[in-house]
Every structure is written in structure tokens, then in C-alpha cells.
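The sequence and structure come first.

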Amino acid sequence: MSSTLIAALFVFLLATLAGAEVINKVPPTLHTPLMSGSNAISGIAVIGALLVAGNPGDNLITILGSIAIVLATINVVGGFLVTDRMLQMFKKKETKVS
Amino acid sequence: MDISGFIPTGIEISYLVATALFFIGLKYLGSPATARQGNTIAAVGMLLAVVGTLLNAGVVNYSAIFLSIAIGTAIGAIGAYKVSMTEMPQMVGLLNGLGGGASTLIAVAEFLRGLPAAEVPSIDSRVTLILSILIGGITLTGSLIAFAKLQELMSGSPITFPLQQPVNILLFASFVVGSGYFLNAPKDEAIFLGLTAIALILGVLFVLPIGGADMPVVVSLLNSFSGIAAAAAGFVLMNNILIIAGALVGASGIILTQIMCKGMNRSLSSVLFGAFGGVKSGKGGAGGKQEDRTARSVDAEECAMMLGYAQSVVIVPGYGMAVAQAQHSVRELADQLDRLGVDVKYAIHPVAGRMPGHMNVLLAEANVPYPQLYDMDDINTQFDRVDVALVIGANDVVNPAARSDSNSPIFGMPILDVDKAKHTIIIKRGMSTGFAGVENELFYLDKTMMLFGSAKDVVGKLVSEIKQL
């Protein structure tokens, strides 16, 4: 194993542990928004897709990369917007009550 | 080729800031007061990372990129505004799949890029490529099947076929063998594409045998997978932000999965490998003595009287309410009862519906005040003081067999104790069993009344009856 891979594994491990710590104890109301919001973050694959499609390569690679960009962008944009829509609903209701 | 090596420092710093924003955003998403802000913070982080990447010196195909981004943004935005809250589970399911699909395509494209090069890819990149197509492929097709089930494009009940387990094992074994071969022949295009195909098939087979009631677990698990798939793509590209953000999502998905499993008192492995369907037929025989019992059916007028003259009513919503889109009628019913001075509460079971927090989202859409929603643990201590428990389209989550009958497949699952209320009204389309396929003895109790019909129609009738009280 190269030292680059080892370093990457460390990064992965620490991010997982930190992530588990950050998300503990979420009230049930927020389960769906948390899921769709984190789902949008998993659209980070768009960065990888940009690098693949953007770097010079033959046509097939650019096409595959471009499809990946489309998919990941839908994931990102759709995920964040739909989460916002849901949370807006929660907000509206809370102010009404108080 | 290590692309990240060429990235100037400024771009790395944009990644660093984006990473911080993801963590802060996710932290904020976990608390009601800051959730919306958290989502925005995470979105800003994503924008920053995208802009940083576009400034990458290695990026040249700008026209292809901007076109793709525009298409993706348009579809995503339209989808996000068009989708109804009832359809949220399938929306999330579909989005998970797209993320997995993107990760898979990245791995395939990177493999193709390496093909013409004279040097062979390092052993590290061979391993990461294999893992990436495995996780990405399963996420993609698994999510698509989950989507099809939730959207009712296909049956939501567990789909099993003879020799299912052996087929799965055989497929997985051939993936392992193929991987071993690929490690020695990293330029073999056929074997790589074959491995990709197997991963895609595994995803289909993985979700097919899982039934509707287990969907909350599957959706959160696939959410986790979509994160891990992104992280795996990050390993292929050796790109830290993909690894970190992916790991973050992977961890949050696993936590939600655990919460859902706890809500059903089932282990993850029993959800994934022991489809309820297998138990179902066995239970049918055991229900023999229940067949001579009759359930009491009542009409809307009588129910309206009971509800209107009660002091406290607890509404228990379930998937049936979501299917019938009855949340607005339910809110109206609660308003009418409130007008008559009835104390109305909602009892939310953790796994009611098809995804974590499904009922909360629907009731929020109908503007139900948040303080009226009670979690299972808080409401269960109160049921003996409740006059009427109104169950709308829920079944397994109120089945007392989970408490008392150790032979029941749902035994041990925490339930809402509606049978402890003075009266129980159950709105249901018919006497059919829930997704677990288990008889519900609650229906045959003396104090239980069945009100048959679609949730929306029946609740609508109740509203007009109560208006006349």
C-alpha cells in the first residue's frame, strides 16, 4: 500500500468517526430532512465527475463524465432544495404556534 | 494519473473550507432550530467545492461541463419543487441512486482512462476501482428498485424466487473471483465491465426480497451506501473532499439505519436476509382460532359522536394516511375536534410510513402544530387516560401481538399501546393484514371499532359529521 492510500484511509476513518459524533441524537422530526440533506452532500461525487469530464481524455470518457455530472448535480440540487422545502414547512408551523 | 497533484493551493483551500461547512451544516441539521440554516451552509460548501474544482488547471471541457450542470440543475430543481410530501420516500430513494450512479461512472471512466497508458495501474488503484464499482453499482440499482417499489411501479411486497440465496452467493463469489483475476490483469476491459454488471445485478437482488414495512431501513441504508460510494470514488481519484463528505454521509446513514432497526426491534441482518414473506405463510395457519371472531364495523356518524364527545383523542397515523394523502383532512378533523374542546394529540411511531420521519413530514405539510406530535415513548404512558385512539392506516405498529405473542414474527417490536385507550377506532380499507402479514387481534377487541374505507374519504366524512355536532 502506498503512503497516499494510507493517508486517505486515515482521512476516511476520522471523517466517519467525526460524522457519527456530529449526527448523534437527532429528533425524529428531523430524520427525513437529515437524510435528504446528507443525501445531497453525498452528491459530492459531482466533484469527481467534474474532474473526470473536465480533464482531457477521449470522447467516451468525457461522455461518461458528463452523464455522471448530470446525475450528481440532480442529486445535489434536488437534495438541497427538497430539504429546504421540508424545513421551510417545519419553520412556518413553529412560528404559527408561538 | 493523480489529478489532484496539479491542483493549486487555492483550490485545496476551497475544499478545506467546504469540508468545514459540511460538518457545520450537518451538525446544524440535527437540531430543529438550526436545521434550515444547516442545509444552506452545506449547500454553500458544495457550491464552493464545485467552483474550486472548475478553477482546476486540468479542467478543459468547459462546454460539456456547463451543459451537464445546467441539465442536472434543471431536473433537480423541477423535481424538488414538483414532488409532493407523500412521495418523499421515493424521491430520497431515487436521489440516493443517482449519487451511486455517478460514483460508478467515475470509476468506469477512470478505468478507461488508464487503459491506453503504457504503465499498469498500481495495486492500490485496482483495489479501489473494484470497491468503487461494487458499492456504487449496488447503490444505483438497489435504489432504483426501492424507488420502483415505493412509487408502486412494482409490487411493494417481498419478491422471492427459488434458489435466491444460492444465486446471490454464486454471484458474489463470481465477483470475488473476477476481482482476483482483475488484480492480476488490470487492463482486461471485459472482466472489468463484467464485474460492473455483477455489481448492478447484486443491487437488484439485494432490494427485491425486502418488503414495504422494512423500507425505512433500506432507504436509510442506501443513503449510507451512497455516501460510501462517493468516498470510494474519492479513493479512486485520491481526492480528500470526496472521501470526507462520503464518509460523513456514510456515518449518518448508518446511524439512521440503527435507529430504524431499533424502532422495529430487528437486527439489520434479519431485515436484509430474512424477508418477512418467509414467515408470513407459517403465521396464516396459527391464526385459525381468530377466524371465528368478528370485528365490529361502525359508520362515520357513530365515530363522529364518539370523537366529538371525547375529552382526549390520540391520532395514530400510518402508511395508509400517506397513500390516501389524507394528512390535510386529518388536520381538519383535529381542528374540528379542537373547536369542541377535545384534546387532540398525534402519536408517531418511529417506523410508521416508508422512511425515517415520514409521518412528521406529512403532518408538517398539513400545518399540524409541532407540540401536538408525540414520540412513542412519551405517548405510551398516557394511553390509559385517552378516551379514543384513532388509528388511520396503521397496522403492525399498533399490533398488541408484538407485546404478548412470542410466536408472532413482530414479537418484541415496540408498539403504540392503543389497546390501552378506552376506545379504539381503526380506519382501514379492509381486514387485510399489514405488511408483516400478521393478523392483528386488536381489531377483534370489544372496545375496537372498524371504520372501513379510504383514509381520505372516511376522515372527510368524519369532518362533516362532526361539524354538525
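In this predicted model, putting chain B and chain A together buries about 8,000 Å². Carbon and sulfur atoms give 76% of that area. The contact involves 103 residues of chain B and 84 residues of chain A.

**Polar and charged pairs across the interface**

- The count of salt bridges between chain B and chain A is 1.
- Arg36(B) and Asp84(A) form a salt bridge, in which the closest N and O atoms are 2.9 Å apart.
- Residue pairs in polar contact across the interface of chain B and chain A number 18, with both residues at pLDDT 80 or more.

**Helices on the chain B side**

- Several helices of chain B each supply at least two residues of the side that touches chain A; among them are H1 (9–29), H2 (35–54), H3 (62–82), H4 (88–114) and H5 (123–150).
- Further along chain B, H8 (215–237), H9 (240–264) and H15 (358–365) also each supply at least two residues of that side.
- H4(B) provides the largest share of the side of chain B that touches chain A, with 17 residues.

**Thr83(A)**

- Thr83(A) belongs to helix H4 of chain A, which covers residues 59–97.
- Is Thr83(A) buried or exposed? Its relative accessible area is 0%, and buried means under 20%, so Thr83(A) is buried.
- Leaving out residues up to four places away in sequence, Thr83(A) touches Pro33(A), Ser36(A) and Gly37(A) in chain A, and Leu29(B) and Asn39(B) in chain B.

**Annotated span in chain A**

- An unreviewed UniProt entry lists residues 60–83 of chain A as "transmembrane region".
- In the model, residues 60–83 of chain A are 100% helix and 0% strand.
- The end C-alpha atoms of this span lie 34 Å apart.

- Strand E4 (residues 388–392) of chain B runs parallel to E5(B), and 5 bridges join the two.
- Within the E5(B) strand, His423(B) is the bridge partner of Val388(B).
- E5(B) is also joined by 5 bridges to strand E6 (residues 448–452) of chain B, again in a parallel arrangement.
- Lys428(B) has Phe452(B), in E6(B), as its bridge partner.

Notes: Residues are numbered from 1 along each chain as its sequence is written. Chains are lettered from A and ligands numbered from 1 in the order in which they are written. This is a predicted model: local features need pLDDT of at least 70, side-chain atom pairs count only at pLDDT 80 or more; totals for chains, interfaces and linings use all residues. Side-chain values use heavy atoms; hydrogens and water are left out. Two strands pair if DSSP finds at least two bridges between them. Helices (H or I, at least four residues) and strands (E, at least two) are DSSP runs, numbered from the N terminus. UniProt positions are given in the numbering used here, feature names are shortened, and annotations may be inferred rather than shown by experiment. Contact means heavy atoms within 4.5 Å. Buried area is the accessible area (1.4 Å probe) that two parts lose on being put together, summed over both. A salt bridge is a side-chain nitrogen of Lys or Arg within 4 Å of a carboxyl oxygen of Asp or Glu. A polar contact is a pair of N or O atoms within 3.5 Å; within protein, one must be able to donate a hydrogen and the other to accept it, and residues adjacent in sequence count only if both atoms are side-chain atoms. Buried means under 20% relative accessible area, exposed over 50%, partly exposed in between (1.4 Å probe, protein chains only).
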